[in-house]
Amino acid sequence: MANFETITVKTDLLIVGGGMAACGAAVEAAYWAKKNNLKVTLVDKAAMDRSGAVAMGLSAINQYVGLKDGDNTLTDYVQYVRNDLMGVTREDVVANIARHVDGSVHLFEKWGLPIWIDADGKYVHEGRWQLMINGESYKVIVAEAAKNAMGIDNIYERVFITAPLMDGDRVAGAVGFSVREEKFYVFLAKAVMVAMGGAVHVFKPRSAGEGLGRAWYPPWNSGSSAYFTLKAGAEMTCQEVRFIPVRFKDAYGPVGAWFLLFKSRATNGIGENYMQTRADELQKWVPYGKVKPVPANLRNWLMMLDVMEGKGPIFMRTEEAIGNLAEQYKDDPKAYKKKMKELESEAWEDFLDMTISQALLWAATNVAPEEKSSEIAAAEPYFIGSHSGASGAWVSGPEDLQNDKTKADYFWGYPNMTTVNGLFAAGDASGASSHKFSSGSHAEGRIGAKAAIKFILDNNTEPNVDQAVIDGIKKEILAPLDRFAEFSKNSTDPDINPEYIRPKMFMFRLQKIMDEYAGGVTAQFMTSKAMLEKGMSLLDFLKEDSEKLAAEDLHELMRAWENVHRMWQAEAHVRTILFREETRWPGYYYRSDFPSMKNDWKVFANCKWNVATGDWEMIKRPIHQIFA
Ligand code: SFD
Ligand code: AMP
């Protein structure tokens, strides 16, 4: 039997994850912990310098409110998020992030991140809320500050956090294993900050064959945040609000810079602009159909209607946009040439900063963006609470932003604490607070970590976990290695074996179920009660077979558990789409049996897995408007 050495680490605050939210949490927690003589420990499955969504870098900071400069107010930002999410948002949590996000951006700049500056010394905006950056080293810069604050001895890299540890109704730490050495880790903590990102590859991606695995969001964000919080018994919110990003087709290059900075149009196969030809459709989704900017899912929806009518492909008119921007220099050949070179290099840098594979695809297919349009398409669904989706844990808001009506529903003592004592969440891990992106996730990590330190000071008792429980979990986590060792010689091809299923095949099966029954690309993002119920019954079989996962080595053991985490994210999603009997975000998913938005569904659809019974509970929570 696989019997790894067990390493036990005792700490006060445990931060699981090493991405944007975790780096924010690290900087803030280290500051307050030092003042109070507490210990903070951080665990990342990868190396913090390049882990998480910002691994390749980014070309914009998507949340900057500019509060001090008087550019915008908190109300402006809350209205933007509320409208984009068709009314479903926690205004207290959104505003709390928005009032702190500029501070994170200024820290990034201080730490060395180059933010574009115009001739007047002002930040160059991509759009109203977005700043342009030279962001290839964004993550390295943010991680360096976190590491300096924490001290390298308090950071564990390449340790995959597998599950929570509980002490009654309070979190007591986490367990995981090294992906490089035969070591099993037990972290005992008085509070835990969950910041393990969102979930990718729950649905079948568009990429196949030689491009297999390519996705917009990082494939290594595999639903660990959702699994961890669900298994700890935390209430979850917006599990139905997946994000379908429209991206450059096949290499998933982002479109924001093209639409906002380059002011590009997208047109269909016969040259029509669906935002104009389909404008009437927006009336069906009022009040959100008439707000500006048009909500992301409705922009998707108008495009999808064209595609469903066979009017594809859809093109980003890069050549037209670049031509328009250079037009005013036309009479001066030298200035025109210079402007064209500048626009060309900005176009390439946009991808080289954050989605290098899109630049590679352009090079491989002889695309010069100033000459030729590029195809865009709606990608497969992602679970990401920080971008234009909203899935995550249901967390307490801050006390000072509550009113008489909201306090009982939205506040329980510590900002960003989930419904489980001592368990905090930020970034993709916390729900109903979309549009925080990289900068807002960092700010939310800071908010949550400060509150977590306060929680520890108010509840400063040692966690108590039964050794027999830890022994049982260790056995369960390492079991896939034993299964492979015992049975792999029973067949000539170790991939095909009646005794077990390997993680890759398991993932394909999960993705096929989700794609076909829960409204993936193949189903044109459409589903219904009957489809979801059939999908759920197939997920039940998959769950049974998850006990037969086998792993040849440590890397595959990680793959095995990543897919168990994805499966839980999938189940929370299917159950919640089934629960919400309406279509609220048609460009994210469409319920063919409930094809319109309904007033009585203007609520949060929450869910909770009962730790004692294993049953799921579905809960409606009220949406309170706090800002004008
Ligand atoms: O253009 C475990 N994002 C963008 N944000 C912006 O501000 N500007 C942009 O330009 C953005 N765009 C963009 C973005 C992301 C990507 C991939 C692309 C383009 C191509 C979004 C942000 O990146 C995102 O909002 C934040 O990064 C979210 O922060 P956070 O902390 O919630 O997630 P993370 O950074 O991915 O970190 C997750 C961490 O968890 C670790 N981890 N550790 C231990 N055990 C486990 N089991 C774990 N599972 C995961 C990871 O290693 C990582 O450290 S654009 O498209 O809009
Ligand atoms: P994306 O590259 O699609 O992730 O977009 C980056 C940022 O620009 C996000 O804040 C998006 O919500 C926003 N955005 C992208 N396209 C548009 C658009 N057509 N209109 C308004 N905002 C957009």
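Modeller: Let's start with a helix pair: Leu74, Tyr77, Val78, Val81 and Arg82 in α2 meet Glu91, Val94, Ala95, Ala98 and Arg99 in α3. Keep in mind that this is a predicted model.

Colleague: What sort of residues make up the contact of α2 with α3?
Modeller: Seven are nonpolar, three are charged and no polar ones take part.

Colleague: At what angle do the axes of α2 and α3 cross?
Modeller: Roughly 130 degrees, and the axes come within 9 Å. Helix α2 covers residues 74-84, while α3 covers residues 91-111.

Colleague: Is the crossing of α2 and α3 left-handed or right-handed?
Modeller: The α2 and α3 crossing is right-handed.

Colleague: Switching to the ligands: how many residues surround ligand 1?
Modeller: There are 38 of them, and the closest are Asp44, Ala53, Ala60, Ser386 and Ser438.

Colleague: Which polar side-chain atom lies 2.9 Å from a nitrogen atom of ligand 1?
Modeller: One belonging to Ser224. The backbone takes part too: an N or O atom of Lys45 lies 3.0 Å from a nitrogen atom of ligand 1.

Colleague: Which residues come nearest to ligand 2?
Modeller: Out of 14 residues around ligand 2, the nearest are Gln130, Arg247, Gly256, Arg299 and His387. The side chain of Arg247 has a polar atom 2.8 Å from an oxygen atom of ligand 2. For Gln130, a side-chain N or O atom is 3.0 Å from an oxygen atom of ligand 2. Arg299 faces a nitrogen atom of ligand 2 instead, with a side-chain N or O atom 3.3 Å away.

Colleague: New topic, the backbone. Is the peptide bond from Lys292 to Pro293 cis or trans?
Modeller: That bond is cis, with omega near -5 degrees. Pro293 sits in the loop between α7 (274-277) and α8 (296-308). The bond from Gly312 to Pro313 is cis as well, with omega near -10 degrees, and Pro313 belongs to the loop between α8 and β14 (314-316).

Colleague: Last one: what is phi of Lys263?
Modeller: Phi is near 55 degrees there, a positive value in a residue other than glycine. You'll find Lys263 in the loop between α6 (256-261) and β13 (266-267).

Conventions. Residues are numbered from 1 along each chain as its sequence is written. Chains are lettered from A and ligands numbered from 1 in the order in which they are written. This is a predicted model: local features need pLDDT of at least 70, side-chain atom pairs count only at pLDDT 80 or more; totals for chains, interfaces and linings use all residues. Side-chain values use heavy atoms; hydrogens and water are left out. Axes are lines fitted to C-alpha atoms, for helices over the stretch in contact, and angles run from 0 to 180 degrees between N-to-C directions. Helices (H or I, at least four residues) and strands (E, at least two) are DSSP runs, numbered from the N terminus. A crossing is left-handed if the near helix is turned anticlockwise from the far one by less than a right angle, and right-handed if clockwise. Contact means heavy atoms within 4.5 Å. Ala, Val, Leu, Ile, Met, Phe, Trp, Tyr, Cys and Pro count as nonpolar, Asp, Glu, Lys and Arg as charged, and the others, Gly among them, as polar. A residue is near a molecule or strand if one of its heavy atoms lies within 4 Å of it. A polar contact is a pair of N or O atoms within 3.5 Å; within protein, one must be able to donate a hydrogen and the other to accept it, and residues adjacent in sequence count only if both atoms are side-chain atoms.
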